Amino acid sequence: MAFVPAKPALYGETLASLTAALTAAGQPAFRARQILDWLYKKRVRTWDEMTNLPKDLRAWLDATYDLAPTAFVLDRQSGDETDKLLLELRDKSLIETVIIRAPMTGVGVDKSRKTICISTQVGCAMGCKFCASGLEGLKRNLTAGEIVHQLIQVCRQEDAHTPRARAELASFDNIVVMGMGEPLHNYDAIVRALTIVNAEWGLGFGARRITLSTSGLVPKILQLADEPLGIRLAISLHGATDAVREQIMPVNKRYPLAELLPAVKAFSEKHGRMVTLEFILIEEINDSLEQAEKLRDIARDLHAHVNLIPYNTVVGLPWKRPSLTRQERFADILRAADVSVTLRREKGHDIAAACGQLRLQTEKERNAGVPAAG
Ligand code: SAH
Ligand code: SF4
């Protein structure tokens, strides 16, 4: 499933790997920082803009690396709240990156927060029954460079909203790894990409403002707990018993709750941070009051925050969200036990949850010979 591009993306290189490559090519090591500075601080688009590099080095870079692993295709805006960027990769695959200009937590709604949602795979192998990203299986993993470059594209897109000042990644509050794909199924690339996003020589974005969401690959959660990264973790739970969970998430057969929950606890104890449990509310599937009680017990035991997300309809799938009254009754059971809980309301959140749908639609149009329209 590994994709081998004609040239590796420069955005996938770390300070160490770039220094090693330069040294092996007979170039001085200090050039690595200069190059990364052009990439991340000055955000140039061409080799020729790297004016403090000698011509032969620029030629070597051009011959060795890809400077644009993703190309902007279209921006679909939903009111003022969200932009969905559709990006095309070198092999013509499509991915989505979403900008959400809305509160993500439900608390402190006075302040509009800006969140970026990035993708980690083309499609997804996990096959959750409710999800657009998994409908057609996994096409391939993204490379670290393709993951990082989504954030560069976001900054460029954001420039349009801030006409005079150039948009910096620091103007965003959060990055969530909740787009298309299962990030822990593409472990090395996502860890490398987030290292670059976090590094002082890279995008310099604080690890504590990055949340990775997983459907629950237990060994990889434990491995992630040992990384020096310090990012936050969210678990797509969606079922508070094995019976309910495995009905909609095949991954639960491989890693049932008896294995998943201790792994989450280990992660949270190691990091001293609250983990988030995501729970999509789907009518007649997981919205019973018994499920709410079980979820309450799990959340209390893990000292976890619970994010209740009313199901976002996916074309071609039968599921629906429960009524508002039923959503509130579910949430009340958690609130009554002092569990920290958010019931998502804002439209923008639906867009993040629906990551994967714009790509699916565009792929269908392409297959039918209709050009993607903006
Ligand atoms: N694969 C990872 C991250 C991407 S999915 C994971 O599953 O956690 C990001 C979140 O969107 C997950 O919690 C996922 O369950 C949720 N999601 C997927 N389809 C959805 C839908 N139709 N409505 C609401 N949330 C959905
Ligand atoms: Fe994959 Fe996450 Fe969708 Fe499940 S919910 S199919 S793990 S992207």
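Predicted model: local features only at pLDDT ≥ 70, side-chain atom pairs only at ≥ 80, totals over all residues.

Modeller: Residues are numbered from 1 along each chain as its sequence is written, chains are lettered from A and ligands numbered from 1 in the order in which they are written, and side-chain values use heavy atoms, with hydrogens and water left out.

Colleague: Which side chain has a polar atom 2.5 Å from an oxygen atom of ligand 1?

Modeller: A polar contact here is a pair of N or O atoms within 3.5 Å. An N or O atom in the side chain of Glu-182 is 3.4 Å from a nitrogen atom of ligand 1, and a polar side-chain atom of Glu-278 lies 3.2 Å from an oxygen atom of the ligand. The side chain with a polar atom 2.5 Å from an oxygen atom of ligand 1 is that of Ser-236.

Colleague: How much of the accessible area of ligand 1 does the protein cover?

Modeller: Accessible areas come from the Shrake-Rupley method with a 1.4 Å probe, and on its own ligand 1 has 530 Å². Around the ligand are 18 residues (each with a heavy atom within 4 Å of it), divided into eight nonpolar, eight polar and two charged.

Colleague: How many residues of the shell around ligand 2 are charged?

Modeller: The residues around ligand 2 include Cys-124, Cys-128 and Cys-131, together with Gly-181 and Glu-182. Asp, Glu, Lys and Arg count as charged, and the shell also has five nonpolar and five polar residues. The number of charged residues is one.

Colleague: How far apart in sequence are the parts that the pair of Tyr-11 and Tyr-40 ties together?

Modeller: The rings of Tyr-11 and Tyr-40 are 5.7 Å centre to centre with 80 degrees between the planes, where pairing requires centres within 6.5 Å and edge-to-face means planes over 60 degrees apart. Because Tyr-11 lies in the segment before helix 1 and Tyr-40 in helix 2, the pair ties together parts separated by 29 residues.

Definitions and conventions: Polar contact = N/O pair within 3.5 Å; in protein donor to acceptor, adjacent residues only side chain to side chain. Phe/Tyr/Trp six-rings, centres within 6.5 Å; stacked < 30°, edge-to-face > 60°. Helix = DSSP H or I, 4+ residues; strand = E, 2+ residues; numbered from the N terminus.
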